[in-house]
Amino acid sequence: MTGWAVEAAGVEKRYGGVTALKGVDLRIPEGAIHGLIGPNGAGKSTLFDILCGITKPSGGRVSVLGMDVAALPAHHVARRGVGRTFQRTATFRDSTVRENLLFASYGRMRHSVLQRMARAPAWREDMAAFETRADAVLETCGLAHLSDQPAAALAYGTQRRLAVAVMLMNDPKILFLDEPVAGMNDAETAEFIALVRDIARGRTIVIVEHDMAAIGALCSEVLVMVDGAQVVSDTPERALAHPDVVAAYLGTDADD
Ligand SMILES: Nc1ncnc2c1ncn2[C@@H]1O[C@H](COP(=O)(O)OP(=O)(O)OP(=O)(O)O)[C@@H](O)[C@H]1O
Ligand SMILES: [Mg+2]
């Protein structure tokens, strides 16, 4: 490892005639909580997809946790410590909170279908490890008392915490959170900020967010993107005061 959780240089992404990313550079130190902000359509989610190996870049170099993620399948990247949440929550709504965590663990279980059917020792070991991990994750995410509730019955902010819990089951070393507090009320946002601080220990966290108060509360540094290109990388306070950033956000308001 180099001390950098993310090292990206000249990242480009074209979709037919649309250039979503025009050569973005990004470096995130291990252990940082790093922000990525910018108006709608700036390319933030596209960059996240590339950093997680879900989308392949059209150009540039991308290293995450020392892996060349552009050259690896997404499931490989995920198994090696890269977690991602999406703008829209993706939990199994009819399943309980605990079952949602179990599904997240299937990829890590070492027992076979036959061993499960036979209730073999390998199955029992996997299940015991899962129960222990699930209890810890539920506790961390403030979901312990809700573990038998169907996901659909949870309040919105709680569903977003469940999405984080699902990700934590695989103990990722870096987490990409795409607009995690969007749609949350103030109390849910405050709870979520506390959760992010809690899970940041021993991990790197990258957050795309339009809620600047949340960004200011959490991030040591933010990269501002506008229209597929980076504008500035600085502390949240300085970045938001930068004339080009002010102009970009004013420009978006005027267009709306
Ligand atoms: N699969 C795709 N095919 C074609 N164009 C795409 C695709 N994905 C993204 N784009 C385009 O790339 C640009 C960047 O989109 P992206 O979703 O990354 O922006 P964003 O910064 O996440 O915006 P928002 O804040 O609204 O979530 C947009 O112009 C979008 O329309
Ligand atoms: Mg987006």
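Let's start with who touches whom along the chain in this predicted model. Take the contacts with a separation of 6 or more: residues 24 or more positions apart account for 65% of them. Buried residues, meaning those under 20% relative accessible area, make up 48% of the 256 residues.

What is the chain built from? Its secondary structure comes to ten helices and ten strands. The radius of gyration is 19 Å, close to the 18 Å that the globule rule gives for 256 residues, so the chain is as compact as a globular protein of that length.

Now zoom in on one sheet. Strands of a sheet pair through backbone hydrogen bonds, either parallel or antiparallel. Here you'll find an open sheet of four strands in the order β2-β1-β4-β5, and the pairing is antiparallel. Which strands sit at the edges? They are β2 (18-29) and β5 (67-68), each of which pairs on one side only. Further in, strand β1 (residues 4-15) is joined to strand β4 (residues 59-64) by five bridges.

The accessible surface of the chain is about 12,200 Å², and carbon and sulfur atoms hold 52% of it. As for charge, there are 26 positive and 31 negative side chains, and the centres of these two sets are 9 Å apart.

Terms used: Residues numbered from 1 in each chain as written. Chains lettered and ligands numbered in written order. Predicted model: local features only at pLDDT ≥ 70, side-chain atom pairs only at ≥ 80, totals over all residues. Heavy atoms only, no water. Helix = DSSP H or I, 4+ residues; strand = E, 2+ residues; numbered from the N terminus. Rg over C-alpha atoms; globule rule 2.2 N^0.38 Å. Buried < 20%, exposed > 50% of the residue type's maximum accessible area, 1.4 Å probe, protein only. Contact = heavy atoms within 4.5 Å. Areas by Shrake-Rupley, 256 points an atom, 1.4 Å probe, with all protein chains shown as cover. Lys, Arg positive; Asp, Glu negative; His and termini not counted. Charge placed at Lys NZ, Arg CZ, Asp CG, Glu CD. Pairing = 2+ DSSP bridges.
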